[in-house]
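Dear colleague,

Please find below the structure that I am handing over to you.

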Amino acid sequence: MRFFVLIALVLAQPQPAAAYDNADFIAPENEALVVFIQNLYEDRAERFIVFDADKQCVAEVGGRQAEAVPMKPGKYTFFIASFKNQRIDIEIAAGRTYFIRLNSIAKVSNRATEVTLVQRRTESFKLVKTWLQGARVTHGRDDPCRGKPLKERQNRIIRRINDANSAWKRGDEIYRYRYRLLEDDGLTAAEVGWL
């Protein structure tokens, strides 16, 4: 009887969040890896949809998730559809891993989308390890949304792109820098090992 009580007590204890494996974030030699992190408990029911200028889904991230998306090296413009439409520009290199945090912040009557690119020499670079804690790691190749057209009315998608591009053009150089990742911002395999 004591044995069953002991097992019941052990099972009743809260379990720590699953630890991630750093190997999940190491980019293949000939590709880059872009990791979209959604880690806030408050956003657990929110889905952040990342799509490209061709209106194709890149990733759908939510529920305290870190989705690792392998991509060919090059320049990309992505849009995030959520509370606020957002544009980000990235230039990625093979063998490097780039992190982008998607979350929301409380406003007076609702929540607003916040996108934080992990750039070197910024506070976000120091926080990426914290943001990954407790996140469930998924892989972009398994995302059923990836590479498919968005499931929205065409004119709504165009409005999202136009809103995000308009904010980009109205913004100053500091604004655009905030939403731009450069090749050097990516972590090497050795740096990923320190996470």
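One aromatic cluster is made up of Phe36, Tyr76 and Phe78. Rings of Phe, Tyr and Trp (for Trp, the six-membered ring) pair if their centres lie within 6.5 Å; planes under 30 degrees apart count as stacked, over 60 as edge-to-face and the rest as tilted. By this rule there are 5 aromatic pairs. In one of them, the ring centres of Phe25 and Phe99 are 5.8 Å apart and the planes stand at 65°, so this pair is edge-to-face. Phe25 lies in the loop between helix H1 (2-12) and strand E1 (32-38), whereas Phe99 belongs to strand E7 (residues 97-106), so the pair ties together parts that are 74 residues apart in sequence. Phe25 is buried, with a relative accessibility of 0%, and Phe99 is buried at 1%. Here buried means under 20% relative accessible area, exposed over 50%, and partly exposed in between (1.4 Å probe, protein chains only).

Please note that this is a predicted model, in which local features need pLDDT of at least 70 and side-chain atom pairs count only at pLDDT 80 or more, while totals for chains, interfaces and linings use all residues. Residues are numbered from 1 along each chain as its sequence is written, and side-chain values use heavy atoms, with hydrogens and water left out.

As to the overall arrangement, the protein has 5 helices and 10 strands. Helices (H or I, at least four residues) and strands (E, at least two) are DSSP runs, numbered from the N terminus. Of the 195 residues, 46% count as buried. Contact means heavy atoms within 4.5 Å; among contacts between residues at least 6 apart in sequence, 70% join residues at least 24 apart.

In soluble globular proteins, nonpolar side chains tend to be buried together. A nonpolar core is a set of buried Ala, Val, Leu, Ile, Met, Phe, Trp, Tyr and Cys residues joined through side-chain atoms within 4.5 Å. The largest nonpolar core has 26 residues, of which Phe36, Phe78, Ile88, Ile100, Leu102 and Val115 touch the most other members. Apart from this core lies another, of 17 residues, including Phe25, Val128, Leu132 and Leu187. Beyond its neighbours within four places in sequence, Ile88 is in contact with Tyr76, Thr77, Phe78, Ile80, Ile100, Val115, Leu117 and Tyr179.

Arg101 is in strand E7 and counts as buried, at 12% relative accessibility. Not counting residues up to four places away in sequence, Arg101 touches Ile37, Asn39, Leu40, Glu114, Val115, Thr116 and Trp131. Glu91 is in strand E6 (residues 86-92) and is partly exposed, with 26% relative accessibility. Leaving aside neighbours within four places in sequence, the contacts of Glu91 are Gly74, Lys75, Tyr98, Leu181, Leu182 and Glu183. Between the C-alpha atoms of Glu91 and Gly74, which are 17 residues apart along the chain, the separation is 5.6 Å.

Lys55 sits in the loop between strand E2 (47-52) and strand E3 (57-62) and is partly exposed, at 22% relative accessibility. Arg121 occupies the loop between strand E8 (111-117) and helix H2 (123-132), and its 77% relative accessibility makes it exposed.

Finally, I turn to the largest pocket. A pocket is an open set of points, on a 1 Å grid over the protein atoms alone, where a 1.4 Å probe fits, with protein on both sides within 12 Å along at least five of seven lines; lining residues have an atom within 4 Å of a point. The largest pocket holds about 160 Å³ of space, a volume being the space filled by probe spheres set on the points, which are joined across faces, edges and corners. Its lining consists of Ile49, Cys57, Glu60, Pro144, Cys145, Lys148, Pro149, Leu150, Lys151 and Glu152. These divide into 6 nonpolar, no polar and 4 charged residues, where Ala, Val, Leu, Ile, Met, Phe, Trp, Tyr, Cys and Pro count as nonpolar, Asp, Glu, Lys and Arg as charged, and the others, Gly among them, as polar.

With kind regards
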